[in-house]
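Please read them with the structure open.

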Amino acid sequence: MIIYVINILLRLIFIILKTGAVKKNIAEDRRVNLDFILPTQFFYLCQLMNITPKQVLINFMDDLAQGSWKSEGRKESRELLKAYFISHHYGLEYYSKEDIEQIFEEVTAIGTLFPKNATRAILDMHTLWRDQYQKYWFEKWYSKRKKNVTSQD
């Protein structure tokens, strides 16, 4: 069942990417409004489990991104999502499998640096640093994309 839900979620994200809803300057413009019909089975699963589709999608995206938000107890699901993502060869037209593994290692490392139980001042400084570092990280990997592939950007 979990593989089925993961498959639906990744397909939804793939549709979002293919439709051009995500721009090249995603590091600056992350807010995307989407309008699509949820797969019936996904909708019913959410209803049966008393969770909103929005919350499932938010959790899914945060876990796939290896984020630091609510990361406790999610290591196994994050590893499964990473393996699922790689097994579907997402991004292989732009990066080698080794590059994609490195991308996930780096994004995981960024997430582990969250200063738990820190003061507000430290959290604010961390947020400023993280935002700048993530922009650098994105631009670094974006510039390494294979040049001979027609891009949707």
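1. **Overall fold.** The protein has six helices and zero strands. Read from the N terminus, the order of elements is α-α-α-α-α-α. Keep in mind that this is a predicted model.

2. The chain has 153 residues, and buried residues make up 30% of them. Take the contacts in the protein with a separation of 6 or more: 56% of these come from residues 24 or more positions apart.

3. **Surface.** The accessible surface comes to about 10,900 Å². Carbon and sulfur atoms hold 58% of that area.

4. **Salt bridges in total.** How many salt bridges are there? The count comes to six.

5. **R78 and D62.** These two form a salt bridge, with the closest N and O atoms 3.2 Å apart. R78 sits in helix α4 (residues 75-87) and D62 in helix α3 (residues 53-64), so the bridge ties together parts that are 16 residues apart in sequence. Are the partners buried or exposed? R78 is buried, at a relative accessible area of 6%. D62 has 15% relative accessibility and counts as buried too, because the cut-off for buried is under 20%. The pair also belongs to a network: salt bridges link D62, D63 and R78.

6. **K140 and E106.** The side chains of K140 and E106 meet in a salt bridge, at 2.9 Å from N to O. This pair links distant parts of the chain. K140 is in helix α6 (residues 120-143), E106 is in helix α5 (residues 97-112), and the two are 34 residues apart. Both K140 and E106 are buried.

7. **R120 and D124.** What separates the partners here? R120 forms a salt bridge with D124, and the closest N and O atoms are 3.6 Å apart. Both residues lie in helix α6, four residues apart, so about one helical turn separates them. R120 is exposed, with a relative accessible area of 60%. That label follows because exposed means over 50%. D124 has 37% relative accessibility and counts as partly exposed.

8. **A nonpolar patch.** Which residues make the nonpolar surface patch? V32, L34 and F36 make it, and the patch covers about 220 Å². V32 is found in the loop between α1 (2-18) and α2 (40-49). Its relative accessible area is 32%, so V32 is partly exposed. A residue needs over 30% relative accessible area to be part of a patch, and V32 has 32%.

9. **Helix α2.** Look at the buried residues F42, L45 and C46 in α2. They cover an arc of only 95° around the axis, so they lie on the same side of α2. Just after α2 comes N50, which takes a positive phi of about 60°.

10. **What to check on screen.** Start with R78 in α4 and D62 in α3. Then find K140 in α6 and E106 in α5. Next, follow α6 from R120 to D124, about one helical turn. Finish at α2, with F42, L45 and C46 buried and N50 just after the helix.

Definitions and conventions: Residues are numbered from 1 along each chain as its sequence is written. This is a predicted model: local features need pLDDT of at least 70, side-chain atom pairs count only at pLDDT 80 or more; totals for chains, interfaces and linings use all residues. Side-chain values use heavy atoms; hydrogens and water are left out. Buried means under 20% relative accessible area, exposed over 50%, partly exposed in between (1.4 Å probe, protein chains only). Contact means heavy atoms within 4.5 Å. Accessible areas come from the Shrake-Rupley method with a 1.4 Å probe; for residues, only the protein chains shown count as cover. A salt bridge is a side-chain nitrogen of Lys or Arg within 4 Å of a carboxyl oxygen of Asp or Glu. Patches are made of residues with over 30% relative accessible area and no salt bridge: like charges are joined within 9 Å, nonpolar side chains (Val, Leu, Ile, Met, Phe, Trp, Tyr) within 5 Å. The arc is that of the directions from the helix axis to the C-beta atoms.
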